[in-house]
Amino acid sequence: MSDTPSLRRRSFLAASAAAGVAAATGLPAQPANAAAARPNILVIVTDDQPKNTQWATPQTIGWLGDHGTTFANAFSVTPLCAPSRSTIFTGQYAHNHGVRGNQHQENLNHHATVQRYLQEAGYRTGLYGKYLNGWDVHDNPPYFDEFALLAPITYNDGQYNVNGTVQTINGYSTTVVKNRALQFIQRSTTDTRPWFLYVAPKAPHGPNTPDVPYADTEVPAWDGRPGVPENDRADKPTYIKNADGTLADGKNIRTAQLRTLLSVDDAVQAIHDKLEALGQLQNTLVFFISDNGFAWGDHGWTKKSVPYGPAIEVPFRVSWPAGGLNAGVTDNRLTGNIDIAPTILDAAGITPDSQHPQDGHSLLGSYRRDHILTEFFKHGTAAGGPPSWSSYVTATKQYTEYRDVHTDANGIPTGTGAILFREYYDLVNDPHQLTNLLYQATPAQETALGIPALATQLAADRTSAGPTAP
């Protein structure tokens, strides 16, 4: 794949604008009638899928990678399910949309979501699969016209809210979600409105239950990354020092996750085939992303919620042939779930309300950030697990502060805010984050690393009320 500095903005709406952008970006111009209608929009969100899972998703990559754009430096800005999904819906950081943890789904302002914007702009909206952690299955998801919401999350014979009626649907959940999504797309043959479809299988979240055909599928051998399990963790925070995940644990998690993802890959291919059969493949904007990554024993950790690459980095691919996103390119900009909502609204020609500012930026233009914020909020004061943290991440370095902050029962941060621990990694020479350069560092060494400026910028990022200027 080649590398491109930017994607085209919605200039396909006029031939002259399309030609101008094509000349600037090197992407092919589209004729004025190539997208006379607003695009359909499809967002596929997997659950806990790490970045390095390509083996299990060849059909997905064949569609969205070979005929789209792969974002090689994509992040979940809060590596936890409900906060990440709320970010996808709003384009806001967790400290702005308020869903700081899996217990705080009631804090989401649904008026700030893309489904609200799109529904009010005339889109038919649908949701199939997981919505938000803690969501009562009896409650309908706001601004979705059609849905089969799965809660609590199960792999087989789950309980769904289907357009307002709670019922058990027998079968493997990924297959149920796939079939319902295909029916939603099929209804576009009689309902000619553009549509927005959010497809969210449980896979590969634990307990990582594969469908019967894939239950014993052999997966490629894996001997762990250099950080698995990283026996010397003297330079790490206490919760990592106490982590006890092994290489064997990582192998077991990896095998189960890959097997469950094979069904997701089949579902994605079925959706592709349906769009192609209905002649809708060209003008459908498709996103494929995971809500967060997952550690396979890295630093002894076998979960998510941490500021290390396996948890915050996610697979992220986008395709939209009518918008010029079909060339099979790799984009190395820093991006992630924070940018999905702004891109959707940009493609649909919708300007977000000024009272709901978005922190992300549309991927259809040339915007390039020099760093990205990632953050996590500890819920309550129980011992164990990571403290709250915020992290300044670039392609070459990462600076993290753990702080004495936790969320209360209402999801509101409380605590002294005192710094508990800090980490700095040279991601060029130490991509697996083995050596914390702030461990026992002198003030002079910290200054040489640029820590004072990084700390100042991180403080501004974690308290930002909206997007900062480019």
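Strand 2 and strand 9 (residues 316–319) run antiparallel and are joined by 2 bridges. Strands pair here if DSSP finds at least two bridges between them. Helices (H or I, at least four residues) and strands (E, at least two) are DSSP runs, numbered from the N terminus. The model is predicted: local features need pLDDT of at least 70, side-chain atom pairs count only at pLDDT 80 or more, and totals for chains, interfaces and linings use all residues. Residues are numbered from 1 along each chain as its sequence is written, and side-chain values use heavy atoms, with hydrogens and water left out.

**Strand 2**

Thr-69 has Val-318 of strand 9 as its bridge partner. Strand 2 also pairs with strand 10 (residues 329–336), in the parallel sense, over 6 bridges. There, Phe-75 is bridged to Gly-336. Strand 2 (residues 69–75) is largely enclosed by the rest of the structure, because 6 of its 7 residues are buried. Buried means under 20% relative accessible area, exposed over 50%, and partly exposed in between (1.4 Å probe, protein chains only).

Most residues other than glycine have a negative phi, and most peptide bonds are trans. The table lists exceptions.

| Site | Feature | Value |
|---|---|---|
| Ala-203 to Pro-204 | cis peptide bond | omega about 0 degrees |
| Gly-206 to Pro-207 | cis peptide bond | omega near 15 degrees |
| Tyr-143 | positive phi | phi near 70 degrees |
| Asp-157 | positive phi | phi about 55 degrees |

Pro-204 sits in the loop between strand 7 (195–200) and helix 7 (238–241). Pro-207 lies in the loop between strand 7 and helix 7. Tyr-143 belongs to the loop between strand 3 (124–129) and strand 4 (146–150). Its relative accessible area is 24%, so Tyr-143 is partly exposed. Asp-157 is part of strand 5 (residues 156–162). Asp-157 counts as partly exposed, at 44% relative accessibility.

**Helix 2 against helix 8**

Helix 2 (residues 58–65) packs on helix 8 (residues 247–277) at an angle of about 40 degrees, with the axes 7 Å apart. Helix 2 is therefore oblique to helix 8. Angles under 35 degrees count as roughly parallel, over 145 as roughly antiparallel, 65 to 115 as roughly perpendicular, and the rest as oblique. Axes are lines fitted to C-alpha atoms, for helices over the stretch in contact, and angles run from 0 to 180 degrees between N-to-C directions. Helix 2 contributes Pro-58, Gln-59, Thr-60 and Trp-63 to the contact (heavy atoms within 4.5 Å). Residues on the helix 8 side include Asp-265, Asp-266, Val-268 and Leu-275.
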